[in-house]
Amino acid sequence: MATDRTSGPAPLAMLVDALKRLPGVGVKSAQRMAYHLLQHDPHGARQLGQALTDAVQRLRHCARCNTFTESEICETCQSPRRDPALLCIVETPADQNMIEASHSYQGLYFVLMGRLSPLEGIGPREISFDRLLERAADGIVKEVILATNFTTEGETTAHYLAELLRARGLTVTRLARGVPAGSELEYVDAGTIAWALMDRRAS
């Protein structure tokens, strides 16, 4: 009977178990990665381990937008070239990077680090809704752009946030449907994101 346990030395089993934590990586994929690193790229394995250790120790969440940063306030939030009246809400730093790559947005961000998913036990508390509402109601923000993904969870999150933000007197818009339904921003090309930002609609 097959099991998920890795036979062999304990350090190997621990490495495979750690790699399984990556999204979309099962036991067999984790084993292949582990064997490759140990057999063919031990220098890369040490580099990966050191990079992960450094990232965990040195990175924190920006006090304003919640993305990863080495300082208390990230460079984007500190930039005098950004429009503080615009606040774009995204699910992940990867989504933020894609919007930045479109070169069509000059406002600020708030990164949820997730999305509502009741089936997985992820509610408003788990994704910093309180911090977001406090940030959006600072008296400077005039428009909040909901740029959550066009998945079921992303749409649910956008709808929930729109109600809360409108109740605070804020203008709330949503990315236009140039972004395909069911897609995630991380995998959408920059040109499509640029058009979706320009054609955003009231939410």
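Biologist: Where is H103 found?

Modeller: H103 lies in the loop between helix 5 (93-101) and strand 4 (107-111), where helices (H or I, at least four residues) and strands (E, at least two) are DSSP runs numbered from the N terminus. This is a predicted model, in which local features need pLDDT of at least 70 and side-chain atom pairs count only at pLDDT 80 or more, while totals for chains, interfaces and linings use all residues. Residues are numbered from 1 along each chain as its sequence is written, and side-chain values use heavy atoms, with hydrogens and water left out.

Biologist: Why does H103 count as exposed?

Modeller: The relative accessibility of H103 is 70%, and exposed means over 50%, buried under 20% and partly exposed in between (1.4 Å probe, protein chains only), so H103 counts as exposed. The phi of H103 is near 55 degrees, a positive value in a residue other than glycine.

Biologist: What makes M113 partly exposed?

Modeller: M113 has a relative accessible area of 27%, and therefore counts as partly exposed. M113 sits in the loop between strand 4 and helix 6, and although it is not a glycine, its phi is positive at about 60 degrees.

Biologist: Why are helix 6 and helix 7 called oblique to each other?

Modeller: The axes of helix 6 (residues 129-136) and helix 7 (residues 152-166) come within 11 Å and cross at roughly 45 degrees, each axis being a line fitted to C-alpha atoms over the stretch in contact, with angles from 0 to 180 degrees between N-to-C directions. Angles under 35 degrees count as roughly parallel, over 145 as roughly antiparallel, 65 to 115 as roughly perpendicular and the rest as oblique, so helix 6 and helix 7 are oblique to each other. In this pair, F129, L132, L133 and A136 of helix 6 meet T157, Y160, L161, L164 and L165 of helix 7, where contact means heavy atoms within 4.5 Å.

Biologist: How do you know that helix 1 and helix 2 are oblique to each other?

Modeller: The axes of helix 1 (residues 10-19) and helix 2 (residues 27-40) come within 8 Å and cross at roughly 125 degrees, and helix 1 and helix 2 are therefore oblique. L12, L15, V16 and L19 on helix 1 meet V27, A30, Q31, M33, A34, Y35 and L38 on helix 2.

Biologist: How many of the chain's residues count as buried?

Modeller: Of the 203 residues in the chain, 40% count as buried, and the secondary structure comes to eight helices and seven strands.
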